[in-house]
Amino acid sequence: MEIPVLLREEITKLAQDYQQNQLKQTAQNITEKYKNESGQGKHLVSTNMEAAVYAMVRMPATFGAVSSALESTLEMMDMDIHSVLDMGAGTGAASWAIRSVLDGELSFTCVERESAMIHYGKQLGKLDETLSKSIWIQRDLNEDIPEHADLVVVSYALNEFSEEKRIQVLQKLWNATDKLFLILEPGTPVGSSQLKKAKDLLVEWGGHIVAPCPHNDSCPMSDSNWCHFTTRVARSKIHKTLKNGDVPYEDEKFSYLAVSKEKVDVSFARILRHPIKEAGKITLQLCTKEGIETRIVTKKNKDCFKKARKSSAGDSFGKESVE
C-alpha cells in the first residue's frame with residue numbers, strides 16, 4: 001500500500017526549509033548512527049533537521065511495512081479495534097498506516113521521546129481528520145506506559161535498547177495491550193532474532209501468535225535463513241536524492257510479529273520465500289504447524305495452482321489445499 005498522496009507531498013515540503021547538501025549529510029549521519037549506536041539508548045534523531053530527514057527517508061518504508069503486516073494479521077482474524085497506542089511513534093508513520101487499513105472510529109495516542117519528531121508528527125497529522133486529534137505524549141519507551149489500547153504497535157524501536165532493557169519494555173507494552181500487539185523490526189538476521197526471543201516470551205506470558213507464524217512454537221528457521229518479508233514503496237524525488245537511489249522505488253525488508261490476547265485458530269501456512277514459478281508447477285517454501293516444508297503445486301489442482309501463481313512471499317496459504 002502506497003503512502004497517501006497528500007502526506008507524500010507534505011513530507012516533500014519539509015525539504016524547503018533546508019539546503020539540499022545539509023539534508024544529504026544529515027541523512028548519512030542518521031544512517032551511521034542507526035548502524036553503529038542502536039541498542040545503546042542514545043538519542044539517534046533529536047534536531048528538527050534530523051526529524052525532517054527521517055520523515056523523508058523512513059516514513060514511506062515504515063508506512064508500507066506496517067500496513068502490509070497489519071493487513072496480513074487481520075486476514076487471520078476478525079477484531080474490533082477502536083483505540084491505538086503507537087509507541088516510539090517517530091513522525092507518525094505507523095499511525096498513518098493503521099489509519100489506512102482500519103475502518104471505523106479510531107482514537108490514537110502517540111508516544112515519542114524526541115520533541116522534534118513530535119513537532120513534525122503533529123504537523124503531518126493535521127492532514128487527516130482523525131490523526132489531527134491524536135494525543136502526543138513525550139516519553140521514553142522504558143518509562144511507564146500512559147494507558148491501555150486495543151492495538152499497541154511498536155515499529156523499528158525495540159532494537160534501540162539493550163537486550164535486558166528490551167525485555168522490560170516488551171513486558172510493559174504487552175501489559176498495555178487489550179487485544180492485539182504488533183511489533184516490527186528490520187528484516188535482518190538481528191531483527192528476526194530479536195523477534196524470535198520476543199515471541200517465546202509473549203507466548204510464555206499468555207499471548208497467542210496471529211501472524212506471520214502459524215503456531216505458538218519456537219521458530220524453526222535457522223539464523224542463516226531468517227524470517228523476513230518485503231514491501232515495495234515508491235520513492236519521491238527528494239527520497240531518491242537523499243538515499244542516492246537510481247530507481248523510483250525501494251524494497252523495504254521487515255520482520256514482524258502479531259500477538260493476540262485471545263486464543264486464535266490459525267489454520268494456514270505462510271509463504272516464506274518468493275515462489276519458484278515454472279511451467280506447470282510452482283514450488284513453495286512454507287512455514288506450517290509442523291515446521292518448514294517445501295511443497296509443489298501443479299495444475300492438477302486448478303484452484304490451488306491459480307492461487308499459488310498469484311502468491312508472493314509473506315502471503316498466507318491454506319495448507320490443506322497444497323498438494
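In this predicted model, the buried residues of helix H4 pack against helix H1 (5-13), helix H3 (48-74), strand E1 (83-87), strand E2 (107-112), helix H5 (115-125) and strand E4 (149-155). Seven of the nine residues of H4 (residues 93-101) are buried, so this helix is largely enclosed by the rest of the structure.

**Helix H4**

- Which residues of H4 are buried? They are Ala93, Ala94, Ser95, Trp96, Ala97, Ile98 and Val101.
- The partners of these buried residues include three helices you can find in the structure above: H1, H3 and H5.
- Strands E1, E2 and E4 are also among the elements that the buried residues of H4 pack against.

**Aromatic rings that pair up**

- Searching the whole structure turns up four aromatic pairs.
- One of them joins Phe229 and Phe254 in a tilted arrangement, with 6.4 Å from centre to centre and 55 degrees between the planes.
- Phe229 belongs to strand E7 (residues 229-234) and Phe254 to strand E8 (residues 249-260), so their pairing ties together parts that are 25 residues apart in sequence.
- Are Phe229 and Phe254 buried or exposed? Both are buried.
- Phe229 also forms a tilted aromatic pair with Tyr256, at 5.7 Å centre to centre and 55 degrees between the planes.
- This second pair links distant parts of the chain as well, with Phe229 in E7 and Tyr256 in E8, 27 residues apart.
- Tyr256 is buried, as is Phe229.
- Taken together, Phe229, Phe254 and Tyr256 are linked by ring pairs into a cluster.

**Charges over rings**

- Arg58 places its charged end over the ring of Tyr156, 4.9 Å from the ring's centre.
- Lys307 has its charged end over the ring of Phe317, at 5.1 Å from the centre of that ring.

- How many cavities of 30 Å³ or more does the structure hold? There are three.
- The largest cavity has a volume of about 200 Å³.
- This largest cavity is lined by 18 residues, and those closest to its centre are Pro212, Cys213, Cys219, Cys227 and Tyr256.
- Helix H7 (189-204) and strand E8 are the elements that give two or more residues to this lining.
- H7 supplies the largest share, four residues.
- By type, the lining of the largest cavity divides into 12 nonpolar, three polar and three charged residues.

Notes. Residues are numbered from 1 along each chain as its sequence is written. This is a predicted model: local features need pLDDT of at least 70, side-chain atom pairs count only at pLDDT 80 or more; totals for chains, interfaces and linings use all residues. Side-chain values use heavy atoms; hydrogens and water are left out. Buried means under 20% relative accessible area, exposed over 50%, partly exposed in between (1.4 Å probe, protein chains only). Contact means heavy atoms within 4.5 Å. Rings of Phe, Tyr and Trp (its six-membered ring) pair if their centres lie within 6.5 Å; planes under 30 degrees apart count as stacked, over 60 as edge-to-face and the rest as tilted. A charge sits over a ring if NZ of Lys or CZ of Arg is within 6 Å of the ring centre and within 35 degrees of the ring normal. On a 1 Å grid over the protein atoms alone, a cavity is a set of points where a 1.4 Å probe fits but cannot get out, and a pocket is an open set with protein on both sides within 12 Å along at least five of seven lines; lining residues have an atom within 4 Å of a point. Grid points are joined across faces, edges and corners, and a volume is the space filled by probe spheres set on the points. Ala, Val, Leu, Ile, Met, Phe, Trp, Tyr, Cys and Pro count as nonpolar, Asp, Glu, Lys and Arg as charged, and the others, Gly among them, as polar.
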